[in-house]
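Open the model in the viewer and follow the selections below in order.

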Amino acid sequence: MTFRPIQQTGDSICIRPVSSFRDTGTFVEVPWHVYAADPHWVPPLRLERRLHFSRFNPYFKHAQWQAWIAYQNDQPVGRISAQIDRLHHQYHGPDTGHFGLLECIDDEQVFVGLMQAAENWLSARGTKRVSGPFNFSINQECGILVEGFETPPVFMMPHSPRWYMRLLEQYGYRPSKDLLAYWIEADFETPRLMRTMAQKYRDRIQVRTLHRDRFGDEIELLRDIFNDAWSENWGFVPFTKDEFAELGNALRWLVPDEFIQIAEVDGVPAAFMAVLPNLNEILPGLNGKLFPFGWLQLVKQLKSHSIPTARVPLMGVRKRFHNTPLGMMLAFSVIDAPRQVGLARGIRGVELSWILEDNQPMRAILEKIGSRAYKRYRIYEKTLA
């Protein structure tokens with residue numbers, strides 16, 4: 001199929017819309033070009049990315065999007081998406097939109113062409129305020145890395161070249177919100193304050209693992225706690241039932257029951273945490289390929305418990321307990337409960353991500369148990385003319 005460029009930025013640069021299965025394949029491949037010299041980038045699974053961009057992604061039940069690829073001398077050197085989320089409109093106004101999936105070589109012309117394509121598409125649909133990157137929403141990968149380039153990302157967290165911040169700010173985008181990733185050694189010592197509080201609330205707080213025999217009901221319970229816990233946070237958009245069910249299917253395959261902990265207060269579920277093995281320890285060796293033998297390597301390492309790091313991607317304490325001693329103890333309880341299980345499975349370090357920079361209560365809890373902020377991600381915003 002022959003494409004006509006929608007934005008010409010130079011004699012050898014053009015921006016083309018993604019409009020076919022073949023284009024989607026090229027869109028998936030762009031990061032391999034951008035990160036060819038970056039030793040810390042972790043190649044995603046191509047099959048998973050294909051599914052993420054397909055009509056089977058439940059995000060598209062409430063959103064529309066368009067993607068573009070930048071070509072320089074007929075070689076793909078960048079990409080971007082623009083998306084409008086009807087669910088986001090309900091919470092943050094009908095004139096909001098996002099860009100995402102940004103990858104680009106260090107070239108201002110290429111970058112400007114991509115951003116113009118996304119902004120023009122958004123403006124044509126009534127968008128006045130644009131923010132990003134979101135891949136696709138705040139409940140998925142978001143932000144660009146601005147601190148912590150020296151180590152690879154953990155599973156389901158983004159990685160970025162150093163030049164994205166410069167290019168975005170030169171083009172008129174301003175920081176909107178910073179997100180932090182914390183790191184903690186799994187053998188941390190429980191602080192004396194937490195031991196004292198645990199004694200105080202031992203008759204009220206009980207912690208249990210996920211009940212797999214009623215998995216669907218348990219996943220819906222976790223969604224309810226998460227949406228309630230985060231409902232007043234910056235940028236909040238609730239997980240839909242379909243979105244969380246899809247996430248639950250991934251957890252069902254990847255996560256032992258003991259890695260999902262639910263805390264109850266007086267017998268009523270009030271908080272939870274999920275721990276994911278850090279598959280980014282394995283993925284570099286697969287280079288994006290599950291077939292013919294990549295899936296065997298993946299399953300083998302998951303079963304052998306040979307992955308030494310993990311990530312906490314989901315955690316929530318019901319909002320009625322926020323900023324209370326009981327809420328602090330609930331958060332600590334679900335963090336501490338899977339620790340011995342993790343140590344027995346060979347896990348030595350865990351990333352807790354992401355945490356809003358201005359979420360001081362949660363940051364205080366994490367810092368009390370010895371964790372440290374070691375990566376910083378940034379969301380940018382701009383008002384369109």
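Select Leu326, Gly327, Met329, Leu330, Ala331, Phe332, Ser333, Val334 and Ile335 to see the buried ones. Helices here are DSSP runs of H or I with at least four residues, strands are runs of E with at least two, and both are numbered from the N terminus.

This is a predicted model, in which local features need pLDDT of at least 70, side-chain atom pairs count only at pLDDT 80 or more, and totals for chains, interfaces and linings use all residues. Residues are numbered from 1 along each chain as its sequence is written, and side-chain values use heavy atoms, leaving out hydrogens and water.

Next, select H4 (residues 108-123) and H5 (residues 163-170). To see where they touch (heavy atoms within 4.5 Å), show Glu108, Phe111 and Met115 of H4 with Leu167, Leu168 and Gln170 of H5. By class, four of these residues are nonpolar, one is polar and one is charged (nonpolar: Ala, Val, Leu, Ile, Met, Phe, Trp, Tyr, Cys and Pro; charged: Asp, Glu, Lys and Arg; polar: the others, Gly among them).

Move to the peptide bond from Gly132 to Pro133, which is cis with omega near 0°. Pro133 sits in the loop between strands S6 (129-132) and S7 (134-135). The bond from Asn135 to Phe136 is also cis, with omega near 15°.

Finish with Leu101 in strand S5 (residues 96-104). Its phi is positive, near 50°, in a residue other than glycine, and Leu101 is buried at 2% relative accessible area.

Terms used: Buried < 20%, exposed > 50% of the residue type's maximum accessible area, 1.4 Å probe, protein only.
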